[in-house]
Amino acid sequence: MRRPLSRPQGSGAAVLWDLLTFEKLMTNTVVHLVYWAGLGIIAIVAFGILGATIGVAIREGSLFGILLAIPVLVVGLLGIAAAILLWRSFMEFYVAIFKISEDLRALRLDVEAERARTQGRPTP
């Protein structure tokens with residue numbers, strides 16, 4: 001296993017180093033931004049479904065129009081609920097993958113430190 005390059009000192013150099021190398025993953029914040037953006041899109045779709053059902057009820061202007069709009073509203077809201085659950089599960093999957101990567105990096109550093117410590121001592 002190759003040894004990673006040494007990290008430069010200083011705050012600006014450390015930020016640049018993190019951007020240019022993959023020693024530290026910065027995707028946790030990106031995943032959160034993507035999650036909230038996706039929820040925003042789902043909310044826009046939900047308002048569109050609500051507007052469509054109100055439009056159908058107003059366009060018909062009778063009891064039949066309201067009875068026609070109710071199933072559309074129920075199916076639309078169930079679809080939105082399913083979309084929210086799926087979106088959350090996809091984002092949790094990506095967060096779990098990145099957490100596994102961070103844990104493996106920590107384990108690698110621990111193993112390298114243990115090897116360095118044991119190589120310095122004579123074995124009986």
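The model is predicted, so local features are given only where pLDDT is at least 70 and side-chain atom pairs only at pLDDT 80 or more, while totals for chains, interfaces and linings use all residues. Residues are numbered from 1 along each chain as its sequence is written, and side-chain values use heavy atoms, with hydrogens and water left out.

**Overall architecture**

- The protein chain has three helices and zero strands, where helices (H or I, at least four residues) and strands (E, at least two) are DSSP runs numbered from the N terminus.
- Along the sequence, the pattern of the protein chain reads α-α-α.
- Of the 124 residues in the protein chain, 15% count as buried, a word that means under 20% relative accessible area, whereas exposed means over 50% and partly exposed lies in between (1.4 Å probe, protein chains only).
- The protein chain exposes about 9,700 Å², and carbon and sulfur atoms supply 73% of this area; accessible areas come from the Shrake-Rupley method with a 1.4 Å probe, and for residues only the protein chains shown count as cover.
- Among the contacts in the protein chain with a separation of 6 or more, 59% are between residues 24 or more positions apart, a contact being heavy atoms within 4.5 Å.

**Helix α2 and its buried residues**

- The 34 residues of α2 should span 50 Å at 1.5 Å a residue, and because its end C-alpha atoms are 49 Å apart, the two values agree; the expected span is 1.5 Å times one less than the number of residues.
- The buried residues of α2 include Asn28, Val31, Tyr35, Gly38, Leu39, Ile42, Thr53 and Val56, and what covers the buried residues of α2 includes α3.
- An α-helix has 3.6 residues a turn, so residues three or four places apart point the same way.
- Val31, which lies in helix α2, counts as buried because its relative accessibility is 10%.
- Leaving out residues up to four places away in sequence, Val31 touches Met91, Val95 and Phe98, and although Val31 and Phe98 are 67 residues apart along the chain, their C-alpha atoms are separated by 9.9 Å.
- Thr53 also has its place in helix α2 (residues 27-60), and it counts as buried because its relative accessibility is 4%.
- Just after α2, Gly61 takes a positive phi of about 65°.

**Aromatic pairs**

- The structure holds two aromatic pairs; rings of Phe, Tyr and Trp (its six-membered ring) pair if their centres lie within 6.5 Å, and planes under 30 degrees apart count as stacked, over 60 as edge-to-face and the rest as tilted.
- The ring centres of Tyr35 and Trp36 are 5.5 Å apart and their planes stand at 70°, so this pair is edge-to-face.
- Tyr35 counts as buried at 14% relative accessibility, whereas Trp36 is exposed, with a relative accessible area of 58%.
- The rings of Phe93 and Tyr94 have centres 5.6 Å apart and planes at 65°, so this pair is edge-to-face.
- Phe93 counts as partly exposed at 48% relative accessibility, and Tyr94 counts as partly exposed at 41%.

**A nonpolar surface patch**

- Leu86, Phe90, Phe93, Tyr94, Ile97, Ile100, Leu104 and Leu107 form a nonpolar patch on the surface, with about 810 Å² of accessible area together.
- Patches are made of residues with over 30% relative accessible area and no salt bridge, with like charges joined within 9 Å and nonpolar side chains (Val, Leu, Ile, Met, Phe, Trp, Tyr) within 5 Å; a salt bridge is a side-chain nitrogen of Lys or Arg within 4 Å of a carboxyl oxygen of Asp or Glu.
- Leu86, one of the patch residues, has its place in helix α3 (residues 63-120).
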